[in-house]
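Thanks, everyone, for making the time this morning.

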Amino acid sequence: MNNILEIRDLIVSFASDGRKERAVAVNGVSLSVPKGGIVGLVGESGCGKSVTSLSVMGLLADNGRVDSGEILLDGEDLLKLSDRQRRDIRGNRISMIFQEPMTSLNPVLTIGHQVTEAIRRHSDMDKAAARARAIEMLDKVGIPEPEKRMGNFPHQLSGGMRQRVMIGMGMAMAPELLIADEPTTALDVSIEAQILRLMRDLQRAGGTSILMITHNLGVVAELCDEVYVMYAGEVVEHADVYTLFRECAHPYTRGLMASLPRMTPKGKRLYNIPGTVPNLRAMPQGCRFAPRCEYATEHCHSEKPALKDIGGGHLCRCFRG
Amino acid sequence: MSNNKDARLFDAEIQPNDGPLASILHMFRVNHAALLGLILILLIILMAIFAPFIARYDPNQLNLIEMRKPPSPAHWFGTDDMGRDVFARVVYGSRTSLLIGFVPSLISLILGTVLGLLAGYVGGRVDDLIMRLADVVLAFPSLLLAMVVMYTLGSSILNMFIALSIINWAGTARVVRAQTLSIKETEFVEAARSMGVSRLSIVFKHILPNCLPNLIVLFTLDIPGAIMWESSMSFLGVGDPNAASWGLMVSQGKSYAYMCPWLILAPGIAILVTVMAFNFLGDGLRDAMDPYLKS
């Protein structure tokens, strides 16, 4: 097995408002994270990227359900495991870092308590050993005076420091896979660069693979080896990061690229993709991006394009190819 | 609230690096009513512990020669219709009142917290069952419910604990359930779940500590409530007739209210002071411990 994580044809749906038909948030997504690799999962809000990651964690909300598909962690299907077995995997073999460092730590428990709890949950270490390990982790993620910080409450740390704590907590058990759900969205740009560098350093040192969920193409370019672009619950394009930035094929990906603010040319309006993401309950019949696509033809509106290889493992879901 | 200005003052002066204890200490410096409440409560507790050293008479010693004497150097608060020393009875009565204040409040606090956590975290049918039960308790007139319990089980201090616990748990359960519902959706609970923390640990280690400030406030406000309930029930004649309680003293003194006002004034003022002391302290703690005001 070369892939630490392999998702095959994942379909996730949600029940809501007492309606009979379920809203399909993730529709047949396949993706894989190679061992030691950093893979980006990009898309707008509501495209299903967070739902995909929560399915991997087994943390879908009560009204959500994986309808079909496989989620293989190092070849083992997570969906076939019991709740208990999945809990043993969470925080141990797979960890997750959340978007909001301000609210991801329990405000009434000390940093030390929370990091130590995470360590003791998955190891036989006694209190003293777990504490020593926690201090070591805080030191590793670049927190000054880690011993003193152990006794601090979350509100006494800055956002960047808290995200470092979260990363330290996530990396404490040296997980095989780290899922980072927009870990830098809530941080300053300068802190963002530090956090990204920290994640890459830890990944290189510990051999952890990372699934990076983001809507920030800058983060992707900075950190990732390969990228999946999601739109409306489906993967629309997949390529290694160089190919994607050099010659992205899908009109949606192009739209995302064009929406990035640039210094030149001056005085031009920033491009934005017209329209909005379609409603989960009212998906277009043909290509899901067709209503917003400037190249859309009759064909696009009536028939749905398949995800096909357009050369060298570069996948694209578009008739134009 | 009278201490709005105080609260603002205290927010501005608090350092971000101070712990919860520091903010409580600061609250006592600014909020003098709460400090007074704390001092009074400590005095009442000391009075209850050292009652034999404070009162010169046995509270139950009858003395038919010294009946209904007005306050004097020998009997500071006078004597009642059986010649018992009112001061001694007030001092010893603090034991009953504190016991009645603390024990049922603690029982209903624990009961209400566990049921509230269960209802909020598990949800579904468990939630429905617990909350409908709470609705029934809350919809029923509390005093009537407590009296029914006392009549059925008999008049004793233990049954008083049971009666007061039954009428008090529902309020606590509601507050805890509401907080659990909102806390279980927070990112830090999701983060804890993503670390593989078990449900039991999430409920007791992550959610419960977040409810704690409210619970402490609820507890300090439940205590005077329980003291009042006990007084009311003793006054109505369903209390424990053998316990020297302030409510019972008011009840027994009411026939002589015009002739011997000290009979109801002394225990009445004792009830008033105790209840107010706990209320002041509870209000102060609420201001100091509300973690969401600060962030």
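Is B:Ser108 buried or exposed? Its relative accessibility is 0%, and because buried means under 20%, B:Ser108 counts as buried. As for what surrounds it, if we leave aside residues up to four places away in sequence, B:Ser108 touches B:Thr113, B:Ser165, B:Asn168, B:Trp169, B:Thr172 and B:Asp222.

Now a word of caution, since this is a predicted model. Chain B has an average pLDDT of 82, with 91% of its residues scoring at least 70. Among the elements of chain B, the highest mean pLDDT, 93, belongs to helix 6 (residues 124-139), whereas the lowest, 40, belongs to helix 1 (residues 4-13). Across residues 1-17 of chain B the pLDDT is below 50, although this stretch does have 17 contacts in the model beyond near neighbours in sequence.

Let me turn to chain A, where eight strands form an open sheet with mixed pairing, in the order 6-7-8-3-9-10-12-11. Strand 6 (94-97) and strand 11 (308-309) of chain A are the edge strands, each pairing on one side only. Strand 6 of chain A runs parallel to strand 7 (residues 177-181) of chain A, and four bridges join them; A:Ser95, for example, has A:Leu178 in strand 7 as its bridge partner. Packed on this sheet is helix 7 (residues 189-206) of chain A, which touches strand 3 (38-42), strand 7 and strand 8 (209-214), and whose direction makes about 155° with that of strand 8 of chain A.

Definitions and conventions: Residues numbered from 1 in each chain as written. Chains lettered and ligands numbered in written order. Predicted model: local features only at pLDDT ≥ 70, side-chain atom pairs only at ≥ 80, totals over all residues. Heavy atoms only, no water. Buried < 20%, exposed > 50% of the residue type's maximum accessible area, 1.4 Å probe, protein only. Contact = heavy atoms within 4.5 Å. pLDDT = per-residue confidence, 0-100. Helix = DSSP H or I, 4+ residues; strand = E, 2+ residues; numbered from the N terminus. Pairing = 2+ DSSP bridges. Axes fitted to C-alpha atoms, helices over the stretch in contact; angles between N-to-C directions.
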